[in-house]
Amino acid sequence: MKALPTVIVLAAGGGFRFNGAGHKLAQNIRDSTVLGTTLDFVVASNLPLIVVTTPGLADIAAHHVASRDVLILPPVDSRSPEPLGMGYSIAAGVAARPHSPGWLILPADMPLIQAATLHAVAAELDHHAAAFAQYRGRRGHPVAFSAELYSELIGMSGGDGAKRLLSRYPAVAVEVDDRGVLLDIDTESDLSLLRRIAAGSPEMPQTPHVPSA
């Protein structure tokens, strides 16, 4: 059986820009939490996955995936002069699944992503070193990298995520009919919007917040 790329769900950030009470990934949406809903969509894709998270969110992750698929990093402290950053989380996730044919990077605060979108982006790694989902021409997540970029991925650090890597390697855009690739949560108003959409509202912001890579 052909090996499939691994989805790395990034759930180790502090969410310091969120202005609601508690961590944004622990907020309720649908009949679950933001993190739980995102993980349920990834599980439904049947792609391999690993959740990179912190002790405060590990219990939520453990309710949705096997314990072997949860990688716990040190907790984020907003007072730290050198926070670990998204790059560190990506590197840790890739290093934990070194034999995967590729990796899809998915922030955990994107609970409306569709399983079909993950497969569409993963399929492009058969022909390209990097790929990303886009909706109506707007770039979103997940961002994916093939195994040939392993050495560069495990060397990542800081808060830039995959931006530098994408600037160095041509990435193919995968157009999908999934507005969830654009919708993440930074503020309480973002969360309110996603709750309305999840409940069946057809609304879509005129200028949706585009998540950083």
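I first looked up L104 and found that L104 stands opposite A144 in β8. I note that this is a predicted model, in which local features need pLDDT of at least 70, side-chain atom pairs count only at pLDDT 80 or more, and totals for chains, interfaces and linings use all residues. Residues are numbered from 1 along each chain as its sequence is written, and side-chain values use heavy atoms, with hydrogens and water left out.

**Strand β8 and its partners**

I checked strand β6 (residues 102–107) against β8 and found 4 bridges in an antiparallel arrangement; two strands pair if DSSP finds at least two bridges between them. Helices (H or I, at least four residues) and strands (E, at least two) are DSSP runs, numbered from the N terminus. I recorded 5 bridges between β7 and β8, also antiparallel. Their hairpin has 2 residues between the strands, and R136 takes a positive phi near 50° there. In β8 (residues 138–146), 7 of 9 residues are buried (under 20% relative accessible area, with exposed over 50% and partly exposed in between; 1.4 Å probe, protein chains only).

**Q134**

I located Q134 in strand β7 (residues 130–135), opposite R139 in β8. Q134 counts as buried because its relative accessible area is 17%. Leaving out residues up to four places away in sequence, I listed its contacts (heavy atoms within 4.5 Å), among them R139, G140, A173 and V181.

**L153**

I placed L153 in helix α5 (residues 150–154). L153 is buried, at 0% relative accessibility. Beyond four places in sequence, L153 touches I90, A91, V94, W103, F145 and L165. I noted 6.9 Å between the C-alpha atoms of L153 and V94, which are 59 residues apart along the chain.
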